Amino acid sequence: MASPFADETIPRMFEMSVAKFGDREALVQGDQRMSYRDLHSAVSAFGNLLLDLGVEPGDRVGLWLPNYPEWIVSSLATAAVGAITVPINTRFRRNEAEYILRAADISVLVTTDRFMTNDYLGMLEQIVPECRTAHGTGIVSDALPSLRHVIGVRTDDERALSAETALAGQPSTPSAEL
């Protein structure tokens, strides 16, 4: 028997859920709660940020994040703009991260500054030293030619475009990257 959702996309199924369950809780982490409508707003805003950064259908967006609500938002937004989500293991070290960033041709990386004992932005700086001087122009690197932008969540670190700042209505042109 064929599934009733066989011809539906993830963004379309999410839209149907928002329409049907709008005010119900969609996402809970600790004290943070988001209804389907709130989640939809966050996904739309993050999708617009990705589009502002030049993400196109078929581009690969890496998610090097622990189980934060931002992982869900980023993944749904990536699908909504037609890009491909590439989950990256949070326990990866520099060599493993470099391998997946290169092998998957990731153009935008969504990460946080650190989690547990991993310093993600520090490892990235070792892989792509050009990130230190990107400052809003995008990343241009021989080491990772496909990587153009790094978006930081839950970080005040100036080495990444802060998703919180960008989504709060600030100009979407990055002032500092990685």
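Helices α4 and α5 are roughly perpendicular to each other (a class for angles of 65 to 115 degrees; under 35 is roughly parallel, over 145 roughly antiparallel and the rest oblique). Their packing angle is about 65°, and their axes lie 10 Å apart. The model is predicted: local features need pLDDT of at least 70, side-chain atom pairs count only at pLDDT 80 or more, and totals for chains, interfaces and linings use all residues. Residues are numbered from 1 along each chain as its sequence is written, and side-chain values use heavy atoms, without hydrogens and water.

**Helix pair α4 and α5**

- Helix α4 covers residues 94-103, and helix α5 covers residues 120-127. Helices are DSSP runs of H or I with at least four residues, strands are runs of E with at least two, and both are numbered from the N terminus.
- Axes are lines fitted to C-alpha atoms, for helices over the stretch in contact, with angles from 0 to 180 degrees between N-to-C directions.
- From α4, R94, A97, E98 and L101 meet M123, L124, Q126 and I127 of α5. Contact means heavy atoms within 4.5 Å.
- By class, this contact has 5 nonpolar, 1 polar and 2 charged residues. Ala, Val, Leu, Ile, Met, Phe, Trp, Tyr, Cys and Pro count as nonpolar, Asp, Glu, Lys and Arg as charged, and the others, Gly among them, as polar.

**Nonpolar cores**

- The largest nonpolar core has 24 residues (buried Ala, Val, Leu, Ile, Met, Phe, Trp, Tyr and Cys joined through side-chain atoms within 4.5 Å). L39, F46, L50, V110 and I151 have the most contacts inside it.
- At least two residues of this core come from each of α1 (10-21), α2 (36-52), β3 (60-64), α3 (69-80) and β5 (106-111). Helix α2 gives the largest share, 5 residues.
- A second, separate core has 19 residues, including I88, L109, Y120 and L124.

**Whole chain**

- The protein chain has 6 helices and 9 strands.
- Of its 178 residues, 44% count as buried (under 20% relative accessible area; exposed is over 50%, partly exposed in between, with a 1.4 Å probe and protein chains only).
- Among contacts between residues at least 6 apart in sequence, 65% join residues at least 24 apart.

**F115**

- F115 sits in strand β6 (residues 114-115). It counts as partly exposed, at 25% relative accessibility.
- Beyond neighbours within four places in sequence, F115 is in contact with P66, Y68, T90 and Y120.
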